[in-house]
Amino acid sequence: MLINRALLFLARGSKRYILRVSFVVALTAFLNLIQFYTLSKIVSGLVQELSLDLPLLLLFLAMAFLQILLKPLVLSWTANCEAHVKRNLRERMLEKIKTLGLTYTDDARSGALYTLLLDRVEALGPYYSTYIPALFTVLSVSVGTIIYIYFINATTAYIMLAGLLGVIILPLFTYKYLWSTGKEVWAEYDAFGSDFLDLIQGMQTLKNLPACKVEKEKIQAKAKLIHKKTMDNMKVTTIENFLFELFSGTGSVLSIAYAAYCGLKGEIGFSELVLILFIVRSCFGPVQVLMNAWHLGFNGLSASGKITDFLKTEERQMRSYFDPPAEKSTGLQVEGVSFSYSTGARVLKDVSVELEDGKITAFVGESGSGKSTLSSLIAGLYPYREGKIYWGSDVLSKESCENWQSKLAAVWQEPYLFNLSFKDNLLIAKEDASEEELHEVIEKSELKDVVDKLPQGINTLVGEHGARFSGGERQRLAIARCFLRDAELILFDEATSSLDEKNQKSIQAAMERLAENKTLCIIAHRISTIVNAHKIYLLEDGCIMASGNHQELIKNSPEYVELLARQASLVSFDEVGGEI
Amino acid sequence: MKRFEIISSLFKYLHSLRWYMVLNVVICFVYELIPMASLFLISYVIGGIIRGAVMNYQGFLLALIILTFLQASFGYINMWTEHDIAYRILYKLRQDIYARLERAQPIFGKGMSSAEIVSIVSNDMNLLEWFYAHTINIFIVTVVISLMILSFYFHLHPLLALNALLWIVGYLLSAVIFKKRSEEDGHEVRKNYGILARFGVDLVQGLKDLLTFNAWRRYLQRFGIAVDNYDEAKKKDALRRAREYMYTLCIVTLLTLCTLIIASHLKISSEFSLAWLPTLISLNACIVKLLNKFMSMSSQFSSIFAASERVINLLNVPISVEDKGGLVFEGPIETVVFEDVYYTYPGTSEPQIKGLSFSLKKGEQVALVGESGSGKTTIIRLIQRYADPQKGRILVNGRDIREYTLESWRNALSVVSQHTYLFKRSVEDNIAMGRPGASKEEIRQAAKIAQAHEFIEDFPKGYDTEVGERALKISGGQRQRLSIARAILKDSSFIIFDEAQSSLDSANEERLNMAMNDFLGNRVFLSIAHRISSIQNSHRILFMDKGCLVASGTFEELSEQNSLFREKILGEGQG
């Protein structure tokens, strides 16, 4: 018998559904009891009076009929209850995922997060839809039967009660061991699953490495460990089952045996004996269901801990609302912003930058200098706490974040492709875009040739992580999204360096079209792309080292010149060719 | 795949445990028989009371106490043995699947996604537990016990046996009647759960883009619809199960009803002693209980078989390259020669590489250039023996590479590709995979050559920093430098870079090139690069177009003499 606060916490909002199922399950059990009560009367009547009592026979059939009629209701309410509990939980978890935001999903293994969201929640369902109703039935109908039998023969009732209590109470003692060994099994599965995934995804790489053999042995040892841990858990389960059998055997067989023993001694009459024979079975039917449900419910119990922990994870909130400065500034302002990820040192230290309206601003710096973090902060993706970010009368704060985000669009280095059709991937940016609009943006973002090659055109499914698409194609798709979005600010986290010349040119052309009349912020990895930027910020170790346009920086910043010099020797032929 | 084939494949894995399985069936039989014996005894006694027979009532009570204890004990051994058998087979299967996938990689064409494979290895595999632990034994025991009870009934009166047989058959028919619908519903439920799961994964992994495009709420709605559909499918399935229950409940009620009628009829013609009636009713209940158990098993059949089929398919993934060579390659590499090599990808008609011939020798640094799809990566796959050429051969030190064992040959190569994978473990462990057992000093040395040492030291935990999920916290350039470090640590005589520097910023690329020059020495170095800066300094450039080698020479030679090179590689004449 296990109901605790954590489990009730998880079922918040679904209690009505659980009660409804419990009631109807108990009702069915009650009808079954009446049915067997009637049957016993028929049998003893037949044996003693040698005649079939017709009204009783009809009652017997009526009870059976009612149970049959109730079956669809029981099962559909059970399904509803489970669905409601799971939906409710998933909604709460998703809300949590959103509020925790990217800093959390970055840190945690996102794989673990979606197993939690999908499989673990799935496993929790039967606890509420099956275990609790079974428990309720045992406590009402089975206990009721025992009380009835008490008035026929007290000792028989005591034996039954002993068996029943044993079945109900036993889990309280075994639970702890089941829980701890069960948790180990789950953990072993998780570890195996995530290692297996890791190795399968990296198999191409792995096969080239001498570590291949070692890894194979390791994963095979893990598979064996699952067996070992499962059997450890099984030890507890089998012992528990042994006791379950012993208790239910005591309650359902020994009680009748004792009654028959009394019958032999002449203490109980024949018809009462037949009654006991039949309704004891009916009484222990729900107990059997409870024992089975316990194992289903238990799977959920071991899942509940992780879900509860996740729902109670501490949130890092973004700074709260502040009033924008009275004198209206032009351009997006970042003022004195510092930031660190949940673990580790500061990635940004007291950074102030301005993105002027309608102009191009660029962040440059070596990898790890903080330029990508800064752009994600501007996009409202990280909960910054120190400093201010605002644009005219709009400020970036916890309260106004969604409104803020509605004004911007971004092309990230590795745009995510959803497991939808190509078209739906574009519609992420604008739900109600027309076909014409879509074709226009496909044209503008140089995706025409890509779409033409797809087997079902824009209705083609893009597959896991957009496996069909190269990095360059994905970026162009992200640019197309930005076109649809028609935002005022575009953030462009450049990835041109991993692309061939052709892709690079396409992206550059598309970006130029996109940025017309917009405020553009480029996170640049190559100086050549930003020679024309209105203002360039040079970042180093999370600080702004210098700012100005290309010419000014060349004049005033030795660091910039150094960065440039290092790149100049590597500048690609066409750029040099272009300048000569 | 037919069910019969699936079952015979599943039985193959049972072979080594067959005596264990026989033992379990016997135990299971005793376990199921005991409660019937108890009930038989009790109802016999109750019947005896009405007959007025004299019985040893203390012995009777003692017998039942012993039986109850025996039942619990056999329950214990039964549960232990059936699960032990099943989980032993499962871990063997998991090992076999991994070994198979390792041999079969890379799966060309429509391979499964890695998430699907993992889902088969964890979820589907656990459904097989049902097959091995709870199906075979219950099936045999149900048949045997039913026959026993029927012959007992026959002994009492043939009509009783006929009656029971009729309803047992009726009960079992439900499996046939509802089979198709049950399979459809099961399929529908799994399909909808698959869709739901996909949306769930997207919500978690695509969070950044969803937030940026304010699309979170809208995507949540899509997820909501997927949840609706899933719930709907589950509900439909539940209602079908309800109909099945209704059917079987009817049968069970009719069984009791007919038994009562026959009994009262037989009594009148006094061919039968009514003292047996409680026994009959009790035994009927026992049969029903056993049939229920069997049916609840068979309702899982469609899922079990579908899952088994996926598992078996995974165990039979085709292997693209046979490891037939017997020579152990001991290196170092002196020459690599392609001799008129043709390669066509499975499922395509046009060869990706057509009659390719070239050679590399030790100490050479060679760049492969060409547009996407010109066959560069295929060359590298062939060298790695991820596939074998259909025509022509590749000679290393004068011998066909197929003569060497795969393991020894692959050990002689270090390949870094654009998307080289970093494993979810510490940075140090990732590099060390290049040479298990390498010392910390050697690892740091390799990282220094790869220009990775500095940024690793800047990580919060230095070399002990864990590489995150999909290496998100590490930038593309850093990731590439880590994989280069791994390749350097491997210290083989043939180094291959497939776009290995594409994400590096220019400063790091320059430093890396300089360090690499010192490191390469007498090694063979083959690289694919798009950036001109990366190929300028190669000793020789092989220029590929449409699967053929069209020109080779130094950068200067090609850019002066070859107009196609200027157009396609230098991007001139395209505006």
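A residue counts as buried if 20 or more other C-beta atoms lie within 10 Å of its own. The exercises below use a predicted model.

**Exercise 1. Helix H10 of chain B**

Task: Find which residues of H10(B) are buried, and decide whether the helix is enclosed or open.

Solution: 
- Step 1. Locate the helix: H10 of chain B covers residues 376-384.
- Step 2. Apply the cut-off of 20 C-beta atoms. The buried residues are Lys376(B), Thr378(B), Ile379(B), Ile380(B), Arg381(B), Leu382(B), Ile383(B) and Gln384(B).
- Step 3. Because 8 of the 9 residues are buried, H10(B) is largely enclosed by the rest of the structure.
- Step 4. Look just past the end of the helix. Arg385(B), which directly follows H10(B), has a positive phi of about 60 degrees.

**Exercise 2. Two neighbours of helix H5 of chain B**

Task: Describe how H5(B) crosses H8(B) and how H4(A) crosses H5(B).

Solution: 
- Step 1. Begin within chain B. The axes of H5 (residues 158-205) and H8 (residues 277-298) come within 10 Å and cross at roughly 15 degrees.
- Step 2. Angles under 35 degrees count as roughly parallel, and H5(B) and H8(B) are therefore roughly parallel to each other. Their crossing is right-handed.
- Step 3. Name the residues that make the contact. H5(B) supplies Ile168(B), Tyr171(B) and Ala175(B), while H8(B) supplies Ile287(B), Leu291(B), Met295(B) and Ser298(B). Sorted by class, 6 are nonpolar, 1 is polar and none is charged.
- Step 4. Turn to the partner from the other chain. The axes of H4(A) (residues 110-150) and H5(B) come within 9 Å, with a crossing angle of roughly 140 degrees. That makes H4(A) oblique to H5(B), and this crossing is right-handed.
- Step 5. Name the residues again. Ser110(A), Leu113(A), Tyr114(A), Leu117(A) and Leu118(A) of H4(A) meet Ala197(B), Gly200(B), Val201(B), Val204(B) and Gln205(B) of H5(B). This contact has 7 nonpolar, 3 polar and no charged residues.

**Exercise 3. The interface and the form of chain B**

Task: Describe the contact between chains A and B, and decide whether chain B is spread out or compact.

Solution: 
- Step 1. Count the residues in contact: 122 in chain A and 124 in chain B.
- Step 2. Find the main contributor on the side of chain A. Helix H7(A) (residues 211-264) gives the largest share, 27 residues.
- Step 3. Sort that side by class: 62 nonpolar, 36 polar and 24 charged residues.
- Step 4. Move to chain B, which has 19 helices and 10 strands. Its radius of gyration is 35 Å, well over the 25 Å that the globule rule gives for 575 residues, so chain B is more spread out than a compact globule.
- Step 5. Along the principal axes, the C-alpha atoms of chain B fill a box of roughly 115 × 55 × 50 Å.

Key. Residues are numbered from 1 along each chain as its sequence is written. Chains are lettered from A and ligands numbered from 1 in the order in which they are written. This is a predicted model: local features need pLDDT of at least 70, side-chain atom pairs count only at pLDDT 80 or more; totals for chains, interfaces and linings use all residues. Axes are lines fitted to C-alpha atoms, for helices over the stretch in contact, and angles run from 0 to 180 degrees between N-to-C directions. Helices (H or I, at least four residues) and strands (E, at least two) are DSSP runs, numbered from the N terminus. Angles under 35 degrees count as roughly parallel, over 145 as roughly antiparallel, 65 to 115 as roughly perpendicular and the rest as oblique. A crossing is left-handed if the near helix is turned anticlockwise from the far one by less than a right angle, and right-handed if clockwise. Two residues are in contact if their C-beta atoms, placed from the backbone, lie within 7 Å. Ala, Val, Leu, Ile, Met, Phe, Trp, Tyr, Cys and Pro count as nonpolar, Asp, Glu, Lys and Arg as charged, and the others, Gly among them, as polar. The radius of gyration is taken over C-alpha atoms; the globule rule is 2.2 Å times the number of residues to the power 0.38. A residue is buried if 20 or more other C-beta atoms lie within 10 Å of its own, exposed if 12 or fewer, and partly exposed in between; C-beta atoms are placed from the backbone.
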